Amino acid sequence: MERNYGPWSTLSGIWKLYRFFCQEKFDMIQYATPKAALISSIAGMMAGVPVRLYCQWGIRYVGFSGWRRVLFKSIEKLVCSLSTHISPDSNGNRQFSIEEGLYTAEKSSVVYKGSANGVSLARFSFANKGIWYSEVRKVLGWDSSMVVFGWVGRVTCDKGVGELVQAFLALSEQRPDVRLLMIGGWEEHPGLPQTVLEAVKYHPQIAYVGSKSDVERYYAAMDVLVAPSYREGFGSVALEAQAMEVPVILSDIPGPREALIPGETGILVPARDSKALASAMLLLHDEKERRLQMGKAGRQFVEENFEQSFFWKKVLEHRHNLLAKAGIDGVKNEKNH
């Protein structure tokens, strides 16, 4: 399967999955992301898979306008119509989708309190924070006197990279001790101005380190995580950062609104607003005690609501309930396999 929507790629993917589903005779399939969901929902319906679960971890068309918005909304509606159940990872996106006519309340549900996978408190452990803080900052050439804002995601327009860079550059003129640590993959067609891309790569106060499998070490080096996305399913990076006692600044949009306690573990700002973002960054730059208090509250928030092993139990219950509604004994089948 390729990410593009070329007719051959799409039809080939549908045919291969259809044959695979017919061969394996699955009781349930689940899928996420636009292209995978499109071909899986069509192939699953054709193969007669009883439970076809669309894990709606984000709504792509929200970040588009014009004909692209119309096209991707049509794809989203088709996937939802071919799925027997939809499970968004936030109540905000579920309500938005119902209002948009993508599906009904009866056809959808959010697992527990949301998120795609919860957070591993063992992996994102603040017990190692002091060591990782020193190690990462030493490699970057940054000392403890610097206030580090972090960002984790894909370098692309709808992750708010343009607004982030604008806000950071404005802040750096007022507070020369600020630094920006950027982690994530580089999009082939990011849709960002060349000036922004050059700043990410070459600005002396910005460190872009690419994708990292040990991202928890880099959270430890941050004072604040900033995630100014235009659209988001929930906001996993916000939970990961808070697990590391790092306060967050998030876009005030469905999904991320549920990934923090506004004013207690972080700050919400309007999406696509670099001035509001810069103001929030300035506030947390200047108030160290508030940052520390928010960080501790953030860890507690994640511990109480998004611990991964507990979340997995809720996921399993959710899947068994879907199978039971379809007349399938999921527990029996699980033991047999």
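**Figure 1. Helices α6 and α7 cross.** Helix α6 (residues 161–174) packs against helix α7 (residues 194–202) at an angle of about 65°, and their axes lie 10 Å apart. That angle makes α6 roughly perpendicular to α7; the class covers 65 to 115 degrees, with angles under 35 counted as roughly parallel, over 145 as roughly antiparallel and the rest as oblique. Axes are lines fitted to C-alpha atoms, for helices over the stretch in contact, and angles run from 0 to 180 degrees between N-to-C directions. The model is predicted: local features need pLDDT of at least 70, side-chain atom pairs count only at pLDDT 80 or more, and totals for chains, interfaces and linings use all residues. Residues are numbered from 1 along each chain as its sequence is written, and side-chain values use heavy atoms, without hydrogens and water. Helices (H or I, at least four residues) and strands (E, at least two) are DSSP runs, numbered from the N terminus.

**Figure 2. The α6/α7 contact residues.** From α6, V161, G162 and V165 meet V196, A199 and V200 of α7. Contact means heavy atoms within 4.5 Å. Five of the contact residues are nonpolar, one is polar and none is charged. Ala, Val, Leu, Ile, Met, Phe, Trp, Tyr, Cys and Pro count as nonpolar, Asp, Glu, Lys and Arg as charged, and the others, Gly among them, as polar. The crossing of α6 past α7 is left-handed: the near helix is turned anticlockwise from the far one by less than a right angle, while clockwise would be right-handed.

**Figure 3. The six-stranded sheet.** Six strands pair in parallel as an open sheet, in the order β6-β5-β4-β7-β8-β9. β6 (206–208) and β9 (266–269) are the edges; each has a single partner strand, so one side of each lacks a neighbour in the sheet. Neighbouring strands here are turned by 20° against each other on average, direction ignored. Strands pair if DSSP finds at least two bridges between them. Two bridges join β4 (residues 147–152) to β7 (residues 224–227), and these strands run parallel. G150 has L225 as its bridge partner in β7. Helix α6 packs on this sheet, touching β4, β5 (178–183), β6 and β7. Its direction makes about 160° with that of β5.

Figure 4. Four bridges join β1 to β2 (residues 51–54), in parallel.

**Figure 5. Helices α1 and α2.** Helix α1 (residues 7–24) packs with α2 at an angle of about 45°, their axes 8 Å apart. The two are therefore oblique to each other. Their crossing is right-handed. The α1 contact residues include G13, L17 and F21, and those of α2 include L38, I42 and A43. This contact divides into eleven nonpolar, five polar and one charged residue.
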